[in-house]
Amino acid sequence: MPKVALGGTFQYLHDGHARLIEKAFEIARSGKVHIGLTSDEMLQKCHNVESYEKRSVRLLEYINKMEIPKEKYEVTRLNDPYGPTLEEDFDYIVVSPETYPVALKINCIREKKGKKPLEILYVEYVMAEDGTPISSTRIAKGEIDRHGRLKTEA
């Protein structure tokens with residue numbers, strides 16, 4: 001049974017996040033998805049990021065709407081960029097272009113520890129209407145909504 005890792009801040013839970021989450025569950029099939037949610041302490045962002053608790057509630061609500069059984073996933077607090085991937089055995093890690101370098105570093109550290117590398121599943125950005133990636137930063141600036149639709153000025 002595949003064991004899949006996925007991590008992120010999941011602020012605004014936009015369509016790019018949805019694609020990553022859906023890919024993780026698609027790959028896991030009968031296995032389990034381990035989602036690392038970035039802790040408040042780890043965040044150093046320019047825009048205001050909601051608390052871990054609020055982001056966690058929204059993430060769990062999204063997964064529940066997907067009708068994923070609770071035994072098929074686990075959400076844990078990430079206090080560093082790697083979470084349990086350096087010590088525990090995982091088969092896959094699902095990443096965006098933004099988090100791909102972290103997956104490479106994880107595999108480098110795992111190799112030095114004599115552990116097998118994780119298979120990296122690279123998921124491209126989801127584009128907004130203007131052809132630029134959907135991001136929490138753009139949503140926070142009021143440029144787009146969670147689905148990448150451009151916001152018109154009143």
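**Notes on the predicted model**

1. Let's start with helix α1, which covers residues 15-28 and so counts 14 residues by the definition used here. From first C-alpha to last, α1 reaches 20 Å, close to the 20 Å expected at 1.5 Å a residue. Keep in mind as you look that this is a predicted model.

2. Which residues of α1 are buried? Gly16, His17, Ala18, Leu20, Ile21, Ala24, Phe25, Ile27 and Ala28 are. When you look at that list, remember that an α-helix has 3.6 residues a turn, so residues three or four places apart point the same way.

3. Now zoom out. As for its extent, the C-alpha trace spans about 55 × 30 × 30 Å along the principal axes.

4. How much of the protein is buried? Of its 154 residues, 43% count as buried. Turning to contacts with a separation of 6 or more, 66% of them are between residues 24 or more positions apart.

5. The accessible surface comes to about 8,800 Å², and carbon and sulfur atoms account for 50% of it. There are 24 positive and 25 negative side chains in the protein, with the centres of the two sets 2 Å apart.

Note on methods:
Residues numbered from 1 in each chain as written. Predicted model: local features only at pLDDT ≥ 70, side-chain atom pairs only at ≥ 80, totals over all residues. Heavy atoms only, no water. Buried < 20%, exposed > 50% of the residue type's maximum accessible area, 1.4 Å probe, protein only. Contact = heavy atoms within 4.5 Å. Areas by Shrake-Rupley, 256 points an atom, 1.4 Å probe, with all protein chains shown as cover. Lys, Arg positive; Asp, Glu negative; His and termini not counted. Charge placed at Lys NZ, Arg CZ, Asp CG, Glu CD. Helix = DSSP H or I, 4+ residues; strand = E, 2+ residues; numbered from the N terminus. Expected span 1.5 Å × (residues − 1).
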